Amino acid sequence: VWTGRPWAPLLLALDFALRHRGWTRWSPIGRAGQGLRSLAGLPPAPVNAGPKRFAALIGALFSLGIALALGLHHPLAAQVLTGALVLAASLEAFLGFCVGCRIYGLFRAG
């Protein structure tokens with residue numbers, strides 16, 4: 001986002017899309033997470049794949065939005081979308097709170 005070039009968010013969108021499709025073995029970020037978990041000696045934590053795949057779809061859409069905003073020279077829109085994506089990722093990473101999973105639950109309940 002700081003460079004103004006859309007290639008990084010496009011690569012991130014591709015990674016999110018791979019995880020959305022369930023192709024985690026092809027996801028560089030997913031593989032890195034598995035490697036870090038293994039290095040830390042943490043056991044696998046099984047989770048319901050449906051909400052996580054939905055969250056990955058939302059991440060892909062946000063990443064595509066960031067790339068589009070950058071490509072159309074709308075840096076403020078790209079920064080706002082990036083802020084939302086970083087906030088959601090931080091909530092998941094540090095608090096274990098998956099925003100996309102909560103939205104998924106609202107759709108399933110409604």
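Arg-19 and Asp-15 sit four residues apart in helix α1 (residues 7-20), and therefore about one helical turn separates them; helices here are DSSP runs of H or I with at least four residues, numbered from the N terminus. The model is a predicted one, in which local features need pLDDT of at least 70 and side-chain atom pairs count only at pLDDT 80 or more, while totals for chains, interfaces and linings use all residues. Residues are numbered from 1 along each chain as its sequence is written, and side-chain values use heavy atoms, with hydrogens and water left out.

**Salt bridges**

- Two salt bridges are counted, the rule being a side-chain nitrogen of Lys or Arg within 4 Å of a carboxyl oxygen of Asp or Glu.
- In the bridge between Arg-19 and Asp-15, the closest N and O atoms are 2.8 Å apart.
- Arg-19 is partly exposed because its relative accessibility is 23%, whereas Asp-15, at 4%, counts as buried; buried means under 20% relative accessible area, exposed over 50%, and partly exposed in between, with a 1.4 Å probe and protein chains only.
- Lys-52 and Glu-92 are joined through their side chains by a salt bridge with an N to O distance of 2.8 Å, and this pair links distant parts of the chain, since Lys-52 belongs to helix α3 and Glu-92 to helix α4, 40 residues apart.
- Lys-52 has a relative accessible area of 30% and is partly exposed, and Glu-92, with 31%, is partly exposed.

**Aromatic pairs**

- Two aromatic pairs are found in the whole structure, where rings of Phe, Tyr and Trp (its six-membered ring) pair if their centres lie within 6.5 Å, and planes under 30 degrees apart count as stacked, over 60 as edge-to-face and the rest as tilted.
- The ring centres of Phe-54 and Tyr-104 are 5.8 Å apart and their planes stand at 50°, so this pair is classed as tilted.
- Because Phe-54 is in helix α3 and Tyr-104 in helix α5 (residues 99-109), the pair ties together parts 50 residues apart in sequence.
- Phe-54 and Phe-107 form an edge-to-face pair, with 5.9 Å from centre to centre and 85° between the planes, and this pair too links helix α3 with helix α5, across 53 residues.
- Ring pairs thus join Phe-54, Tyr-104 and Phe-107 into a cluster, in which Tyr-104 is partly exposed at 22% relative accessibility and Phe-107 is exposed at 60%.

**Nonpolar core and buried contacts**

- The largest nonpolar core has eight residues, namely Phe-16, Ala-56, Ala-60, Ile-66, Ala-69, Leu-70, Ala-78 and Leu-85; such a core is a set of buried Ala, Val, Leu, Ile, Met, Phe, Trp, Tyr and Cys residues joined through side-chain atoms within 4.5 Å.
- Helices α3 and α4 (75-95) each supply at least two residues of this core, and α3 gives the most, with five residues.
- Not counting residues up to four places away in sequence, Ala-60 touches Ala-13, Phe-16 and Ala-17, contact meaning heavy atoms within 4.5 Å.
- Ser-63, in helix α3, is buried with a relative accessible area of 0%, and, leaving aside neighbours within four places in sequence, Ser-63 is in contact with Pro-9, Leu-12, Ala-13, Phe-16 and Leu-85.

**Surface patch**

- Leu-10, Leu-57, Leu-61 and Leu-64 form a nonpolar patch on the surface, together presenting about 340 Å² of accessible area, as given by the Shrake-Rupley method with a 1.4 Å probe, where for residues only the protein chains shown count as cover.
- Patches are made of residues with over 30% relative accessible area and no salt bridge, with like charges joined within 9 Å and nonpolar side chains (Val, Leu, Ile, Met, Phe, Trp, Tyr) within 5 Å.
- Helix α3 (residues 49-71) contributes the largest share of the patch, three residues; Leu-61 is placed in helix α3 and counts as exposed at 52% relative accessibility.
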